[in-house]
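This report looks at charged side chains, their partners and their cover. Please have the model open while reading.

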Amino acid sequence: MLDAKVELDGRLRAVITAFTGAFADRILSPLEEKKVAKKGFDAIEAVEAVKRVADDEVRVLRRKLEEYLDDKRTRETL
């Protein structure tokens with residue numbers, strides 16, 4: 001029984017890592033290396049873009065978490 005719990009915990013951690021990583025990648029997309037390396041890159045504009053994307057993505061994330069998870073503690077943890 002303990003092995004199954006450890007395996008489930010490991011799988012859950014992997015899924016959570018992939019889930020949060022996907023959102024982080026989208027949020028930080030204005031700061032991708034190929035964009036930063038371009039001549040004329042505007043850091044202030046990129047930070048403002050990150051803020052806009054983060055606002056949108058967090059709104060979507062919260063809506064999805066509320067739609068699929070009943071437990072408030074789990075939603076807040078994610």
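Is Glu 57 buried, partly exposed or exposed? Glu 57 counts as buried, at 17% relative accessibility. Buried here means under 20% relative accessible area, exposed means over 50%, and partly exposed lies in between (1.4 Å probe, protein chains only).

## Basis of the model

This is a predicted model: local features need pLDDT of at least 70, side-chain atom pairs count only at pLDDT 80 or more, and totals for chains, interfaces and linings use all residues. Residues are numbered from 1 along each chain as its sequence is written, and side-chain values use heavy atoms, with hydrogens and water left out.

Searching the whole structure gives six salt bridges. The term means a side-chain nitrogen of Lys or Arg within 4 Å of a carboxyl oxygen of Asp or Glu. One of them joins Arg 26 to Glu 57, with 3.3 Å between the closest N and O atoms. Arg 26 sits in helix α1 and Glu 57 in helix α3 (residues 43-68), so this pair ties together parts that are 31 residues apart in sequence. Helices are DSSP runs (H or I, at least four residues), numbered from the N terminus.

The two partners can also be described by their cover. Arg 26 is partly exposed, at 39% relative accessible area. Glu 57 is buried.

## Bridges within a helix

Arg 13 and Asp 9 form a salt bridge at 3.2 Å, N to O. Both residues lie in helix α1 (residues 2-27). They are four residues apart, about one turn of the helix. Arg 13 is exposed at 56% relative accessibility. Asp 9 is partly exposed at 33%.

Helix α3 holds another such pair, Asp 56 and Arg 59, three residues apart, about one turn of the helix. The closest N and O atoms of this salt bridge are 3.1 Å apart. Asp 56 is partly exposed, with a relative accessible area of 45%. Arg 59 is exposed, with 52%.

Where does Arg 75 lie? Arg 75 is in helix α4 (residues 72-77). At 19% relative accessibility, Arg 75 counts as buried. Yet Arg 75 has no salt bridge. The nearest side chain of opposite charge is Glu 66, 5.0 Å away. For charge, Lys and Arg count as positive and Asp and Glu as negative, while His and the chain ends are not counted.

What does the side chain of Arg 75 reach at 3.3 Å? It reaches the backbone oxygen of Asp 70. Leaving aside neighbours within four places in sequence, Arg 75 is in contact (heavy atoms within 4.5 Å) with Leu 65, Glu 66, Leu 69 and Asp 70. The C-alpha atoms of Arg 75 and Lys 64 are 9.6 Å apart, and these residues are 11 apart along the chain.

## Nonpolar positions

Leu 28, Leu 31 and Val 36 make a nonpolar surface patch of about 230 Å². Patch residues have over 30% relative accessible area and no salt bridge; like charges are joined within 9 Å, and nonpolar side chains (Val, Leu, Ile, Met, Phe, Trp, Tyr) within 5 Å. Areas come from the Shrake-Rupley method with a 1.4 Å probe, and for residues only the protein chains shown count as cover. Val 36 lies in helix α2 (residues 33-36). Val 36 is partly exposed at 39%.

Ala 49 is in helix α3. Ala 49 is buried, with 15% relative accessible area. Ala 49 and Ile 27 are 22 residues apart in sequence, and their C-alpha atoms are 8.8 Å apart.

Notes
Helices (H or I, at least four residues) and strands (E, at least two) are DSSP runs, numbered from the N terminus. A polar contact is a pair of N or O atoms within 3.5 Å; within protein, one must be able to donate a hydrogen and the other to accept it, and residues adjacent in sequence count only if both atoms are side-chain atoms.
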